[in-house]
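Student: I have a model open on my screen and would like to talk it through with you. Shall we start?

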Amino acid sequence: MTIEKFLESPWDTQHPLFRDAIFSIHRAPEFSTGEVVLSSLYRASGFEGVSEGKVKKHGDALSKAADKARKKEGGKGEIQPDTWRTVLDRLVQSPKVAQQSSKRFMSLSPVVPDAALYSGAARLTGNPWNPGQLVKRIIQLGATSDADASRVWVGLHDALGIGANDDVWARWLQEEFELRRQGVNGWKPTDMAPLGLFPSSDRAGIEYPAKQFVADLEGIIAAKPSMTRRQWVSLLEAVLRIGTVSHVLWICDVNDRVWRLARSLVESDIASIPATDAELAKQLLAVDSRMLSFGHPAIPILRDYASKYLSARLGLNCMLWALDEMGAKVARMDSVAGARSFLEAIEANKDKLRAAGVLDSYHQLQDREVRTIACKKGIGSNLMEFAQYTLGQRQTMDETLRGYDQGYFLRKRGEARNSPWVLALGPASVLAMAHCCLHEVKGPRSVQRLAKHLSSYGIEFDLHGLNDSDLGRQLRMLGLVLDSPDAESGMLLVPPFAI
């Protein structure tokens with residue numbers, strides 16, 4: 001493929017080296033919610049043969065079978081058909097949002113694995129994307145090695161399953177769903193193939209969201225015996241929400257950093273590549289602890305990261321296709337050393353790249369694709385929907401059910417439809433983050449530990465203003481802090497669960 005072909009349809013094709021780079025967005029995100037991510041994770045973890053496109057079909061079949069059983073006054077299971085219909089419509093129903101009011105489909109809370117067979121796909125038609133595979137990819141990137149990733153993946157599957165240690169309600173519900181399972185193999189672990197990129201040596205020296213996400217998953221799994229199934233699922237969902245979105249924002253930021261350095265090498269004769277791989281990794285890959293800030297409108301920030309990623313994607317692909325035409329050798333960008341190879345190829349061929357007008361071609365692409373880059377359509381719009389609806393509190397059709405979603409990271413500042421979305425943690429999110437930052441230690445610790453923990457996800461908050469903030473009030477309401485004049489902000493963080 002030539003650079004001219006790429007310029008004709010820049011979003012349809014990525015250069016192979018860009019597609020396989022450590023900073024590529026694997027499983028391009030689209031619309032999602034916390035429950036969609038969790039439901040898809042169930043399917044990715046234990047129902048290998050169930051594609052996202054089959055979920056609505058299975059849900060429709062389950063609903064019809066329940067209606068048919070009511071008419072015949074019979075059916076599988078040990079409960080009456082009317083009771084089972086009540087379970088589906090009331091006890092495990094997930095509230096619909098206003099846009100879904102006229103659509104008929106099963107909407108179930110993913111409390112147990114089999115509920116994910118009938119509900120929780122990103123879209124009701126076509127071939128929806130699979131957020132569960134994104135979670136799998138994040139685990140692969142965040143674990144210390146391929147073997148460690150497989151261990152975490154198996155441990156997560158075991159925790160997601162229903163065992164003797166789960167509460168009676170969860171065991172009963174799973175048994176009832178299993179009695180009605182049609183044409184689906186049983187719940188069993190799926191394989192995790194080796195990732196084949198991002199060596200352990202590159203991961204060790206930097207902090208990034210996927211690394212924190214893997215540690216938090218293990219912390220949440222360890223807390224499972226301390227609570228009911230529904231409570232544990234709520235905390236797990238909160239970790240999945242911040243873990244997936246912060247990872248995608250980090251990838252967007254890394255692309256922008258790589259592009260800015262690559263561009264400076266062409267534009268300037270004094271720009272240089274960091275001398276060591278450790279310095280290069282810190283410059284390109286270390287998480288920015290200020291991606292999101294408490295109390296500030298989040299949508300403009302999310303749009304800025306998505307827009308920077310789209311611009312960087314155009315620029316990096318332009319560079320790669322141009323280097324191909326020049327016969328320059330570039331190694332796979334599957335490591336920091338691979339990224340250095342790319343940057344060194346640009347530095348060695350900067351005069352040719354200038355003469356070829358690569359940056360001019362890039363600017364022309366920017367002008368032509370301004371609506372996509374502004375996140376008004378296409379990939380940019382999909383990224384925005386993913387981030388906003390995964391982190392945001394669900395706006396249910398029934399206002400009395402607004403409290404259903406407790407694991408959010410964004411909420412509306414007011415009641416008006418055009419009220420801004422601001423960074424604010426729901427009660428389940430606060431509990432999850434407090435537990436995850438303390439689960440490796442015994443006893444209370446300074447709230448500075450929570451601040452450092454959230455910074456690993458790119459979230460910043462002001463410790464000195466914590467007392468009077470929404471987060472401070474949440475911590476006090478949940479009994480997670482002790483007053484201490486010797487601690488940062490006068491508060492000590494208390495572990496929420498005894499493990």
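Student: Which residues line the largest cavity?
Tutor: Keep in mind that this is a predicted model. The structure holds five cavities of 30 Å³ or more, and the largest has a volume of about 70 Å³. Helices H11 (229-267), H13 (299-325) and H18 (378-391) each give two or more residues to the lining of the largest cavity. Its lining is made up of Val245, Val248, Leu249, Cys252, Leu302, Ala306, Leu383, Met384, Phe386 and Ala387.

Student: What span should helix H7 have, at 1.5 Å a residue?
Tutor: Helix H7 covers residues 146-160, which is 15 residues. The expected span is 1.5 Å times one less than the number of residues.

Student: Which helices do the buried residues of H7 pack against?
Tutor: The buried residues of H7 include Asp148, Trp153 and His157. The buried residues of H7 pack against H3 (34-46), H6 (131-142), H10 (209-222) and H11.

Student: Which residue stands opposite Arg445?
Tutor: The open sheet has the order E4-E7-E6, with antiparallel pairing; its edge strands are E4 (445-446) and E6 (481-483). Two bridges join E4 to E7 (residues 491-493). In E7, the residue opposite Arg445 is Leu493.

Definitions and conventions: Residues numbered from 1 in each chain as written. Predicted model: local features only at pLDDT ≥ 70, side-chain atom pairs only at ≥ 80, totals over all residues. Heavy atoms only, no water. Pairing = 2+ DSSP bridges. Helix = DSSP H or I, 4+ residues; strand = E, 2+ residues; numbered from the N terminus. 1 Å grid on protein atoms, 1.4 Å probe; cavity = no way out; pocket = protein on both sides within 12 Å on 5 of 7 lines; lining within 4 Å. Points joined across faces, edges and corners; volume = space filled by probe spheres on them. Buried < 20%, exposed > 50% of the residue type's maximum accessible area, 1.4 Å probe, protein only. Contact = heavy atoms within 4.5 Å.
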